[in-house]
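Hello,

Here is the structure I promised to hand over. Please open it first, then read my notes below.

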Amino acid sequence: MNAPSTTMDATVFHRAVEAAIRAPSMHNTQPWRFRVRDGGLDVLADPSRTLPVADPHGWALRIAGGAAIFNARLAFAVAGRPAQVRLRPDATEPDLLARLVPGPARPATPDEIALHAAVSRRHSNRRPFDPQPVPAEVRAALIAAAAAEGAWLDLLIGRGPLALVAEVVRAADTVLVRDARYRDELTAWSRTAEADDGVSLAAGGPSPEPQDLLAMRDFGGPTRAPGRDFESDPLVAVLSTAGDTVHDQLVAGQALQRILLTATVPGLASSMLSQPIEVPAARERLRGGLSRRGCPQMVLRIGFGQPGFPTPRRPVTEVLDA
Ligand SMILES: Cc1cc2nc3c(=O)[nH]c(=O)nc-3n(C[C@H](O)[C@H](O)[C@H](O)COP(=O)(O)O)c2cc1C
């Protein structure tokens, strides 16, 4: 049985939610809620904040939920009470993504401390990166981060694989933007005025141009200054899991966040491209192109760049039911 909630646990839960809400979510919808119950912290999906067109089956919601769970785990760890985590602990409550209960006390590891410190520094950066290559030891750490969470990360090596993935991203983006409902939904979350969700013009990056290798999602940003093209040899990676169940997607979300934070620690920037995951035929081509079993869950671009633009979050009081 869990010990009854103490003042320390209440502080841990609050800090865990503060960290969790810094997680990435598609279009910054922040589709989560949190609940303190039975000496633990519940992470729930918020069905009122889904994307019916871009995410009809809840894949993106669960990736975001998994990322939020990972941040919460880090907060428990740095508080000296690493969480015991159960994914989807109650079949009768499908919105309940995870329950985190403070486990036996132990000091946080240096890795946990560094990753936790990176939570507030991580932002999606959709601007061109510097040409400087990502060092080999960081590449190895990114691969290890995925493996530590039960997923894997393929770093694309060479022109052929990069060209193939770029072509799949572009084809998927073309399919998506052809749909007026998709464009309307994207516009609805692209913010031109102050808001506590959605993607601002500054954070959304420059508007895509035909010569770009990677078709970035168009959040209606400004055209770029002449000569400020994207890096010609980006580090692109594909995160995959063994299957594509709800459990696999929650694992993928945790792995995604661990990778993003692992990149943030040594000062790298990152952004995500999920168009090929949203279009089933593109996802299948991506899977085939990687010559792997398993299911691609996210395409990532990682490199050295200027600091990204933070996106806003709804306050803890709005998402935590204590
Ligand atoms: C499931 C998922 C899919 C995403 N897809 C894209 C994408 O295709 N293009 C993009 O630029 N950002 C994408 N993002 C990043 C979100 O737009 C971003 O996390 C959100 O706006 C919050 O900003 P932040 O990452 O700076 O905290 C995705 C994030 C998640 C979790």
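**What I found**

Strands β8 (residues 235-241) and β10 (residues 295-303) are paired antiparallel, with seven bridges between them. Across this pair, Leu239 has Met298 of β10 opposite. Please keep in mind that this is a predicted model.

Both strands belong to an open sheet of four strands. Its order is β5-β8-β10-β9, and the pairing is antiparallel. The edges are β5 (152-155) and β9 (269-273). Each of these has a single partner strand, so one side of each has no neighbour in the sheet. On average, neighbouring strands of this sheet are turned by 30° against each other, ignoring direction.

There is another open sheet, with five strands. The order there is β3-β4-β2-β1-β11, and the pairing is mixed. β3 (83-87) and β11 (320-321) take the edge positions. Each has a single partner strand, so one side of each is left without a neighbour in that sheet. Within this sheet, β1 (residues 32-37) and β2 (residues 40-45) run antiparallel and are joined by six bridges. Arg37 has Gly40 as its bridge partner in β2.

**Domains**

The chain divides into two parts. Domain 1 covers 7-122 + 314-321, and domain 2 covers 136-303. Their centres, taken over C-alpha atoms, are 22 Å apart.

How many residues of each domain are in contact with the other? The count is 32 residues from domain 1 and 31 residues from domain 2. On the domain 1 side, the elements giving two or more residues are α2 (59-78), β4 (96-102) and α3 (110-118). α2 provides the largest share of that side, with 11 residues. By class, the domain 1 side has 20 nonpolar, seven polar and five charged residues.

**Ligand**

Which residues come nearest to the ligand? Of the 21 residues around it, they are Pro24, Asn28, Ala60, Ser124 and Ser274. The elements giving two or more residues to this shell are α2 and β9.

By class, the shell has nine nonpolar, 10 polar and two charged residues.

Best wishes

Note on methods:
Residues numbered from 1 in each chain as written. Predicted model: local features only at pLDDT ≥ 70, side-chain atom pairs only at ≥ 80, totals over all residues. Pairing = 2+ DSSP bridges. Domains from an automatic or database assignment. Contact = placed C-beta atoms within 7 Å. Nonpolar A, V, L, I, M, F, W, Y, C, P; charged D, E, K, R; others polar. Axes fitted to C-alpha atoms, helices over the stretch in contact; angles between N-to-C directions. Near = placed C-beta within 6 Å.
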